[in-house]
Amino acid sequence: MGLLDEAGLDRLVTAGCTSCGGNKLVFLTYVDGLLPLMGGEPVGKITWVYDGEKFVDGVYEVSCDSCKKILFQSSICPRCNAEEKLDDALESENRWTVPMSCPSCEGEEVRYIAFLPARVLYEGKRAEKARAQAELDDEGFHGYRVDCRSCGKVAERIDRCPLCETPAPLRARPG
Ligand SMILES: [Zn+2]
Ligand SMILES: [Zn+2]
Ligand SMILES: [Zn+2]
């Protein structure tokens, strides 16, 4: 688990801001997005492929939308929990080569799955749609899996944490 669990999230959104009493909270989380690629170039928008438990597991900051008070903050790597590795994940570029084609069948159409920071606004317990905070070539975007549209084969990065390069094995994720 990360530092926040679902009960913790519930407590935060129920309490609202402890400083100004506002009920709109901004959650920053590392979650999974899927990007369709053709010949190594994005050919569509990122679609989210995470569930509620993974959302909570990846949360690294919660703040008040109006007065900006920080209500929760963590500096560990959101994927592997390595100490003080959050900045490394956010400030480094993708270290896993974006494939020009499928490593097995050479098909050009693949789905590239990555961890990227997302921003979600909560109003009370109601969450808005997640907004991506990084695109393919931006700092903070880290690929870890390729699914081929034609042969279905998967290449997955398992030797190191995709976010901070800590050597495997990585902790299991919930969900
Ligand atoms: Zn506030
Ligand atoms: Zn890590
Ligand atoms: Zn293939």
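The legends below describe close-up views of one predicted model.

Residues are numbered from 1 along each chain as its sequence is written, and chains are lettered from A and ligands numbered from 1 in the order in which they are written. The model is predicted: local features need pLDDT of at least 70 and side-chain atom pairs count only at pLDDT 80 or more, while totals for chains, interfaces and linings use all residues.

**Figure 1. The whole chain.** The chain has three helices and ten strands, where helices (H or I, at least four residues) and strands (E, at least two) are DSSP runs numbered from the N terminus. Along the sequence the pattern is α-β-β-β-α-β-β-α-β-β-β-β-β. The C-alpha atoms fill a box of roughly 55 × 30 × 25 Å, taken along the principal axes. Of the 175 residues, 31% count as buried. A residue is buried if 20 or more other C-beta atoms lie within 10 Å of its own, exposed if 12 or fewer, and partly exposed in between, with C-beta atoms placed from the backbone. Among contacts with a separation of 6 or more, 69% are between residues 24 or more positions apart; two residues are in contact if their C-beta atoms, placed from the backbone, lie within 7 Å.

**Figure 2. The largest nonpolar core.** This core has 39 residues, and Cys 77, Ala 114 and Leu 163 have the most contacts inside it. A nonpolar core is a set of buried Ala, Val, Leu, Ile, Met, Phe, Trp, Tyr and Cys residues joined through C-beta atoms within 7 Å. At least two residues of the core come from each of α1 (6-15), β1 (24-38), α2 (52-57), β4 (59-64), α3 (86-91), β6 (109-123) and β9 (142-148). The most come from β1, which gives seven residues. Beyond its neighbours within four places in sequence, Ala 114 is in contact with Gly 33, Leu 35, Phe 141, His 142, Gly 143 and Tyr 144.

**Figure 3. Strand β1 and its partners.** β1 pairs with β6 in the antiparallel sense over 15 bridges; two strands pair if DSSP finds at least two bridges between them. In this pairing Leu 28 stands opposite Arg 119 of β6. Five bridges join β1 to β4, also antiparallel, and Val 26 stands opposite Ser 63 of β4. β3 (residues 47-48) pairs with β1 in the antiparallel sense over two bridges, with Trp 48 as the bridge partner of Gly 33. Another antiparallel pairing of two bridges links β1 to β2 (residues 41-42), where Met 38 stands opposite Glu 41. β1 and β2 form a hairpin with two residues between them, and Gly 39 in the turn has a positive phi of about 60 degrees.

Figure 4. Five of the seven residues of β9 are buried, so the strand is largely enclosed by the rest of the structure. Six bridges join β9 to β6 in an antiparallel arrangement, and Gly 143 of β9 is the bridge partner of Ala 114. With β10 (residues 154-156), β9 pairs in the antiparallel sense over three bridges; Arg 145 stands opposite Glu 156. The β9-β10 hairpin has five residues between its strands, and Gly 152 in the turn has a positive phi of about 75 degrees.

Figure 5. Most residues other than glycine have a negative phi, and most peptide bonds are trans. Lys 68, in the loop between β4 and β5, has a positive phi near 70 degrees. Lys 68 is exposed, with 11 other C-beta atoms within 10 Å. Glu 165 lies in the segment after β10 and has a positive phi of about 70 degrees. Glu 165 is partly exposed, with 17 other C-beta atoms within 10 Å. Pro 169 is also in the segment after β10, and the peptide bond from Ala 168 to Pro 169 is cis, with omega near 5 degrees.

Figure 6. Ile 76 is in the loop between β5 (70-73) and α3 and is partly exposed, with 17 other C-beta atoms within 10 Å. Leaving aside neighbours within four places in sequence, Ile 76 is in contact with Leu 3, Asn 81, Ala 82, Glu 83, Lys 85 and Leu 86. Glu 135 is in the loop between β8 (131-132) and β9. Glu 135 and Leu 35 are 100 residues apart in sequence and 9.4 Å apart in space, C-alpha to C-alpha.
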